[in-house]
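I opened this notebook to keep a record of what I looked up in one structure. The entries follow the order in which I consulted it.

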Amino acid sequence: TPVPVIGIDGPSASGKGTVGARVAEALGFQHLDSGSLYRLVALAGMREGVALDDEVALARIAAALPASFEGDTVFLAGDDVTNAIRSEACSVGASKVAVLPAVREALFWRQRAYRRAPGLVAEGRDIGSVIFPDAPVKIFLTASAEARAERRYKQLIDKGMPANMDDLLSDLRERDARDSQRAVAPLKRSEDAALLDTSEMTIQQAVDFVLQQAAALR
Ligand code: C5P
C-alpha cells in the first residue's frame, strides 16, 4: 500500500506550518513545509544578486538548492537561516519565485522524495492538487486576512523582528492575490479537500480536526 500523505494547503499565515508540525509529531510522520523551499530559493537568489523574475537563474538555484533541515532549524549552505527565511522580504520573494514554472518544476521531485514510511504531513499551496494528488487526507486550512495578519505580527514580535500591522495586512493580501491568480498551480481548494477555517480556533482545535480526518489512516 502507498505511504499515506496528509496534505494541508491554504493561504499564507493560516497556521498550516504549526498545525502540520504538530500533526506530524503526533503521528510520528515525516514533515514537509513546502513553503520553506520557495523561501530558500528566494533567499539564495537575493544573496546571489539574482533578480526574482530571472526564471533560468532561479530554476538553477532551485535544482541545486543546498538546503537541509534539522528539526525546526533550516540551513542554507551550512548557514542557519531559520529566522531569515521568515522575514517579510523572503515571504514576498517566495511568492514571486513561486510563479515561475521552471522553479516549481525543479522543486517537484524534491518534495515527492519526502513521502517515506510511515507517512508524510506536507503543507503548501498545491500539495493536494499537484504534488500529491492521491493523498488520502486533504485539508484546506484558511482564516480571515485579519486573523492571519495578527498571527504573523505576533510571530515576528516574538522573534524580536520589526512588524507593522498595516504593512503585514497589505503584504498578505498582495501575496494571496499572487498565489491565487498565477497560471501554474494556483492556490485553490480542491473539491476533495476538507475545509477548515481557523479564524476563531486555537491551534490545538485545528490539530484535533486534522487528526480526526487522519484517524482512518491508523
Ligand atoms: O507557506 P509559506 O507562506 O511559507 O509559502 C511562501 C510562498 O511560497 C507562498 O506565498 C507561495 O507563493 C509559495 N508556495 C507555493 N507552493 C507551495 C508552498 C508555497 O507556491 N506548495
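The entries below concern the ligand site, an aromatic pair, selected residues and the backbone.

**Entry 1. Basis.** I noted that this is a predicted model, in which local features need pLDDT of at least 70, side-chain atom pairs count only at pLDDT 80 or more, and totals for chains, interfaces and linings use all residues. I number residues from 1 along each chain as its sequence is written, and side-chain values use heavy atoms, with hydrogens and water left out.

**Entry 2. Ligand shell.** I looked up how many residues surround the ligand. There are 18, and the closest are Arg-39, Arg-104, Asp-126, Asp-179 and Arg-182; a residue is near the ligand if one of its heavy atoms lies within 4 Å of it. By class, I recorded 10 charged, five polar and three nonpolar residues in this shell. In this scheme Asp, Glu, Lys and Arg are charged, Ala, Val, Leu, Ile, Met, Phe, Trp, Tyr, Cys and Pro are nonpolar, and the others, Gly among them, are polar.

I then asked which helices supply at least two residues each of the shell. They are α2 (34-47), α4 (88-97) and α8 (165-181), and α2 gives the largest share, with four residues. Helices here are DSSP runs of H or I with at least four residues, strands are runs of E with at least two, and both are numbered from the N terminus.

Entry 3. I use the term for a pair of N or O atoms within 3.5 Å. Ser-34 places a polar side-chain atom 2.9 Å from a nitrogen atom of the ligand. For Asp-126, a side-chain N or O atom is 2.9 Å from a ligand nitrogen. Arg-175 has a polar side-chain atom 3.5 Å from an oxygen atom of the ligand. The ligand taken alone exposes 450 Å², of which the protein buries 98%; these areas come from the Shrake-Rupley method with a 1.4 Å probe.

**Entry 4. Aromatic pair.** I found one aromatic pair in the structure. Phe-108 and Trp-109 form this pair, with 5.1 Å centre to centre and 90 degrees between the planes, which is edge-to-face. Rings of Phe, Tyr and Trp (its six-membered ring) pair if their centres lie within 6.5 Å; planes under 30 degrees apart count as stacked, over 60 as edge-to-face and the rest as tilted. I also noted that Trp-109 is exposed, at 60% relative accessible area. Buried means under 20%, exposed over 50%, and partly exposed in between (1.4 Å probe, protein chains only).

**Entry 5. Ala-67.** Is Ala-67 buried or exposed? Ala-67 counts as buried, with 15% relative accessibility. Ala-67 belongs to strand β3 (residues 67-70). Leaving aside residues up to four places away in sequence, Ala-67 touches Leu-40, Phe-75 and Arg-110, where contact means heavy atoms within 4.5 Å.

**Entry 6. Backbone.** Most peptide bonds are trans, and most residues other than glycine have a negative phi.

- The peptide bond from Ala-117 to Pro-118 is cis, with omega near 5 degrees, and Pro-118 sits in the loop between α5 (101-112) and β6 (120-124).
- Ala-77 has a positive phi of about 50 degrees; Ala-77 lies in the loop between β4 (73-76) and β5 (79-80) and is exposed, at 62%.
- Ala-185 has a positive phi near 50 degrees; Ala-185 lies in the loop between α8 and β8 and is buried, at 13%.

Technical notes: A polar contact is a pair of N or O atoms within 3.5 Å; within protein, one must be able to donate a hydrogen and the other to accept it, and residues adjacent in sequence count only if both atoms are side-chain atoms.
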